[in-house]
Amino acid sequence: MKKQWVESLKMGCARLWPHPLAVGKKEILLSSVGAGLGLMISGWISHFVLGEVNLWFIAPMGASAVLLFGVPNSPLAQPWSIVGGNIAAAAVGVSTSLLIADPGLACGVAAALAIGLMFKLRCLHPPGGAVALTAILGGPGIHQLGYSFVLYPVLLNSVLLAVLAIIFNNLAGRRYPHPLASAEAKSVNLPIDAVSITRADLHEALMQGELFDIDEDDLQEILLRAEQLAHQRQNGGA
């Protein structure tokens, strides 16, 4: 009984440790360098535009940089996601701060409203939650800005990071912005013998489960590659 309990405990602890990320050294280097350069350049430009007397950078942009340069193919890392998500969350945060005096209650309400609004506007961006809380907990300097906080530094920082991500990722050979609209998706016939899986099937499968950081186009491409490799293996590597 004790041995079984120990094994269960070990298994539970092991599940807390994530699986290794399937990413090459080149991609790790590109992600790290891109995020660093993006933050430095956008910070310098914001500093130049706004000057010493203004708030010219906010911490949630660090999280945005992880997405834009670390996983640029993610639907959460697209230009509209960072720009729309951050400004929507900032507007919600400022409004909530003005209407609700209790910081704890205001943070909860702001986070809930910001997430709902980002979903509705198709610009879900996780750092937007931090942007909303920054508008509430950022202190007198941010509170004095009022709704100007939405324009600067949030909008300015977001646009600069998005533009720099477009430039850097394309120079690095990455496809960014990622084609998400169905009109841009290429029709691919998967070489599956038993059953033909369509893009609509993948979409429906994703819709029935939890939110995955992958869309049906990427999943279809992976399936196509896997099927091609399987056929090569069956044909003796030909």
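The model is a predicted one. Its chain has 10 helices and 0 strands, and 35% of its 238 residues count as buried.

**The chain as a whole**

- Read from the N terminus, the elements follow the order α-α-α-α-α-α-α-α-α-α.
- Among contacts in the chain with a separation of 6 or more, 72% are between residues 24 or more positions apart.
- The chain has an accessible surface of about 14,600 Å², and carbon and sulfur atoms hold 67% of that surface.

**The aromatic pair**

- The count of aromatic pairs comes to 1.
- The ring centres of phenylalanine 69 and phenylalanine 168 lie 5.8 Å apart with the planes at 70°, and the pair is edge-to-face because planes over 60 degrees apart count as such.
- This pair links distant parts of the chain, with phenylalanine 69 in helix α3 (residues 60–70) and phenylalanine 168 in helix α8, 99 residues apart.
- Both phenylalanine 69 and phenylalanine 168 are buried.

**Alanine 165**

- Helix α8, which covers residues 148–171, holds alanine 165.
- Alanine 165 has a relative accessibility of 0%, so it counts as buried, the limit being under 20%.
- Leaving aside residues up to four places away in sequence, alanine 165 touches Leu68, Phe69 and Tyr176.
- Phe69, one of the residues that alanine 165 touches, is also a member of the aromatic pair with phenylalanine 168.
- Between alanine 165 and glycine 38 the C-alpha to C-alpha distance is 7.0 Å, while in sequence they are 127 residues apart.

**The nonpolar surface patch**

- A nonpolar patch on the surface is formed by Leu29, Val33, Leu37, Met40, Ile41, Trp44, Ile45, Phe48 and Val49.
- Together, the residues of this patch have about 900 Å² of accessible area.
- Valine 33, one of the patch residues, is found in helix α2, which spans residues 25–50.
- The relative accessibility of valine 33 is 37%, which lies between the 20% limit for buried and the 50% limit for exposed, so valine 33 counts as partly exposed.

Definitions and conventions. Residues numbered from 1 in each chain as written. Predicted model: local features only at pLDDT ≥ 70, side-chain atom pairs only at ≥ 80, totals over all residues. Heavy atoms only, no water. Helix = DSSP H or I, 4+ residues; strand = E, 2+ residues; numbered from the N terminus. Buried < 20%, exposed > 50% of the residue type's maximum accessible area, 1.4 Å probe, protein only. Contact = heavy atoms within 4.5 Å. Areas by Shrake-Rupley, 256 points an atom, 1.4 Å probe, with all protein chains shown as cover. Phe/Tyr/Trp six-rings, centres within 6.5 Å; stacked < 30°, edge-to-face > 60°. Patch = residues over 30% accessible without salt bridge, like charges linked within 9 Å, V, L, I, M, F, W, Y side chains within 5 Å. Salt bridge = Lys/Arg side-chain N within 4 Å of Asp/Glu carboxyl O.
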